[in-house]
Structures are given as C-alpha cells and as structure tokens.
Amino acid sequence: MSTHVLIADDEALIRQSLRTVLLQEGFEVSVASNGDEAGRRFQDERPDVVLLDLVLGEDDGLALLRRWRQDSPDTKIILISAHGSIESAVTAMKLGGYDFIKKPFDLEEIVAAVRNAARTKALEQRVAYLSERDRKQLSDGDVVWASAPIMKVIDEVRLYAKSAVSTILITGESGTGKQIVARLLHDESPRAVGPFVELNCSTIPENLVESELFGHERGAFSDARERKLGLVEIADGGTLFLDEVGDLAPPAQAKLLTFIEQRSFRRVGATASRTVDARVIAATNCDLAAMVTARHFRADLWYRLNAITVVLPPLRERRADVLPLARHFLAAASTQFRRRWQSISPEAGALLEAYGWPGNVRELRAVVSRAALLHDEQIMRPSHLPPDLVAAAFVAPPVASGGGGSASAVAAGPAGIPSLETIELLHIRRVLDLCGGNRTVAAQHLGITRQTLSKKIGSADDGD
C-alpha cells in the first residue's frame, strides 16, 4: 500500500523540495502551508505520516501535534524545525511525536525517517490485528494428502501460489478443507512474509461488511467513535481470504468488485482513496454460476473471481485420504484429551472408508475426536463409532468391485445396526474385493490363515 505523507511547512521551497523527493520515492504526498489548511487535510485525508514544522507560521506545531495524536494515535508525526533544541525535541517526543529533525536537513535523512515511520505504523497495525483475533493456527500437521485426486489439486495450488495471479477462487462442498488450501496458497507464495487475513462473509451482518472490509473514519456513523482499519488495508503485502463469498450482499459485491479491479478503496467516511497490494482468495460451497443465473450474484464479479479456480473434490471421491486423515485426527485428539489411542482397527477402518461423509473432512474430524473423548483405549473399533454411521456405512456400496458381494447382502441386527460378526464379514468381503477374490492374498492382509478365512466365509471354492 502506498504511504500517504502530509507536509505541513510555511516555507514554499521546503514544501516543494520535500514533495518532489517523496513523490520520486513512491509516496503519496499532500502539502499545507498553515495550521488551518494542515488541519483540514489531516481530517480529510488521514495521512499515515506527517512532516510537521514546529513553527507553522502563526500556528504552534506542538499544539497541532497534541490535537492530532488524540484524534489519530496511529499516525506518525515527525517534527522539523529551524529552532531545534533539546527541550523542544523532548517535549515533542513526550507528546507522542515519532521523530524530531533539525533544519537544515538532508533530504535522504527525511526519506529514511518517513520510511521508518511507515514501516513502524504497518507493523503496529498488524500486531494489533493479530492480538485482537483468536485466529486458528494451521501447521504442516493439519495438511494430510494421500489420494491421487487431491494431490493433483495440491500441485495446481502450489503452481498458482508462486504465480503473479492476484485473485483465486476455491470451490468445494462444506468441510472439504478450503481454508487449509487458502492458507497453503499464502504460505507457498512470495507473500508468505505478509499477513494472512481472513473474513467469513456469512458471519458479518450486511450493514457491517463495508466497514469490516474497508474500515471507517471516526464519526463516519453513530457508533464510529474511533478510526477502524479494514481487513483490506491490514492485508497489504499479504493475502485477504474471503470465505463463503457467495453470502455477500449485492452492495458489498459491488464494492468488492471495484477493489479487485482497481486495488484501491476508500474507508467509510473518508474522501481520499488508498491503494493496497493484496492477493484476494475467495472460497464458496455455493454454485456461483447458478446464483448468477438467478441474479443472486453479480456476473461481473463472478467472471473476475472465476479466472483461476481451485476445485476441491469431496471426501467420498478421495477415499484414500480417509484413513490417513482419521489417524491424524486420532493422534491429535489423543494428545488433546490425554488418551492412549494408537491405531484404528481394520474393521473400523473399513467402515470409515465405506461411509459417504456428507460433512467431508470436518465431519470425519468430529467423529474421530468424539470417539477419542468418550473412550480411553488403544485401538479404535466399530463399537466406538456412532451407530448411524455404522449403519450407513454398512449399506453403502463396496469400495472396490469384485467377487466378494455387497454390504447390503448381509443382514443387519436390531434397529438396523449390524453386529460385530456382520461387520467382520463385511470387512473380509471388502478385502477379498480389493484382492481380486484371491483368498491367500486376502488372508495375508487380514493377518489370519487361509483356513480361518475360508471358515469365516464358508466352504466355497477358493477361486485361486
């Protein structure tokens, strides 16, 4: 984001010299020759940094400093004066001045002071934002990929992350891991050193979305007692993640489109626009194309967001991820709840893989965590899983086709809940399917003898 500097000095030559060199350095610059003009510009433009003459014509620079610090404590004010003394410098710093520079000064000294002030302001904003939010921290351990479909997606994500694309859309059912992918896009990009700022659009009231995104000035509306920085501004140099973007109301959609196209915005109640350099990642579980057709989502915003799209497959389409994820969640829950869990039994694993997971990864985490909390054993078995999940998995189609028969061919127990014996037979038949009907290989995978396997499933020909 370009830093806005206000130069308040009553000497025209100094104003012009400072303005020229700061513009050359890429700063936005405005000037004022007296206290009244400086006050008006300060209120209207809300600069990031002020170069303030200690004696501004008939106006007292220290009085302006005192008033501005009360009105906008995050603005960095650098005092400059030809009447410099230790006493005036100490007074200025006590009143909240950022720096004190004595005339005549070197222009490089001014540029360095302004850069330091802008850097300090940006760091303070980010620290304040992070301290106010109880953000969920994502570590490498939270990312568990095993299946071919998801690995293909992750390869695309890493390619997009390192590219210069400024807007990316992530689509997928609820619970598929869109937030984790958004964080991966940030962490694998050159913007990883910048902030990752998140907004769940479905949780913000319509009348507060604009203020949350773009911030507001003091007095912009009845409850605006202080200036508030918007998430767009805080995300400068990093990534702005807009989760559930399909829930944005039409007015907010229009303002978001303007920001994406121009990379500039205006705080509510402000007159000056500000520019930022932030990658926008949007995510949704909605069918935005259908919403555009129904006129519930702006077509032009949809086209902007849809230029680069990451599509996350549901968990039922990547069953190879189920057990690695379940083991990861079990280990995490065992640590959290101080339990002894070590593994998942083959029978429980077969049920987890057979279940359809309408809630995707989020539901899997909840099921495993609940089981780990309610029980304290070493091996997770079918009896530890919710009965409705067991019943639903029991009647689901087998994972792989073959000569082993389907789950629905086995009778269920009372209330539709299968017995452990039935679940065991279900698992054996699924393993036989995966082994192409070869009982010798299946018995090796099951950890039993071929004779025991034959006894469990009957005396039919082995078909080897």
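**Helix pair and beyond**

Modeller: The axes of helix α2 (residues 35-45) and helix α3 (residues 61-71) come within 12 Å and cross at roughly 10°. Axes here are lines fitted to C-alpha atoms, for helices over the stretch in contact, with angles running from 0 to 180 degrees between N-to-C directions. Helices (H or I, at least four residues) and strands (E, at least two) are DSSP runs, numbered from the N terminus.

Colleague: What does that make α2 relative to α3, roughly?

Modeller: Roughly parallel; angles under 35 degrees count as that, over 145 as roughly antiparallel, 65 to 115 as roughly perpendicular and the rest as oblique.

Colleague: Which residues of α2 and α3 make the contact?

Modeller: G35, A38, G39, F42 and Q43 from α2, with L64, W68 and D71 from α3. Contact means heavy atoms within 4.5 Å. By class, the contact of α2 with α3 has 4 nonpolar, 3 polar and 1 charged residues. Ala, Val, Leu, Ile, Met, Phe, Trp, Tyr, Cys and Pro count as nonpolar, Asp, Glu, Lys and Arg as charged, and the others, Gly among them, as polar.

Colleague: Before going on, what are the ground rules?

Modeller: This is a predicted model, with residues numbered from 1 along each chain as its sequence is written. Local features need pLDDT of at least 70, side-chain atom pairs count only at pLDDT 80 or more, totals for chains, interfaces and linings use all residues, and side-chain values use heavy atoms, with hydrogens and water left out.

Colleague: What is the mean pLDDT of the protein chain?

Modeller: The mean is 84, and 87% of the residues reach 70 or more. pLDDT is the predictor's confidence in each residue, from 0 to 100.

Colleague: Where does pLDDT stay under 50?

Modeller: Residues 398-416 are one such stretch, and the model has 30 contacts beyond four places in sequence for them. Residues 459-464 also stay under 50, with 11 such contacts. Where pLDDT is low, the predicted coordinates should not be read in detail.

Colleague: OK, zooming out. How many helices and strands does the protein chain have?

Modeller: The secondary structure comes to 19 helices and 18 strands. Of the 464 residues, 47% count as buried, where buried means under 20% relative accessible area, exposed over 50%, and partly exposed in between (1.4 Å probe, protein chains only). Among contacts between residues at least 6 apart in sequence, 71% join residues at least 24 apart.

Colleague: Which residues touch the most other members of the largest nonpolar core?

Modeller: L213, V232, L240, L242, F259, F297 and L305, out of 34 residues in that core. A nonpolar core is a set of buried Ala, Val, Leu, Ile, Met, Phe, Trp, Tyr and Cys residues joined through side-chain atoms within 4.5 Å. Elements that each supply at least two residues include β9 (196-200), α8 (209-214), β12 (239-243) and α10 (250-262). The largest share, 5 residues, comes from α10.

Colleague: And what does V232 touch?

Modeller: Not counting residues up to four places away in sequence, V232 touches L213, F214, L240, F259, F265 and V276. There's also a second, separate core of 29 residues, which includes L315, V361, L389 and A393.

Colleague: Is E233 buried or exposed?

Modeller: Buried, with a relative accessible area of 2%. E233 sits in helix α9, and its C-alpha is 9.9 Å from that of V197, 36 residues apart along the chain.

Colleague: Last one: where does D287 lie?

Modeller: In the loop between β15 and α11. D287 counts as partly exposed, at 49% relative accessibility.
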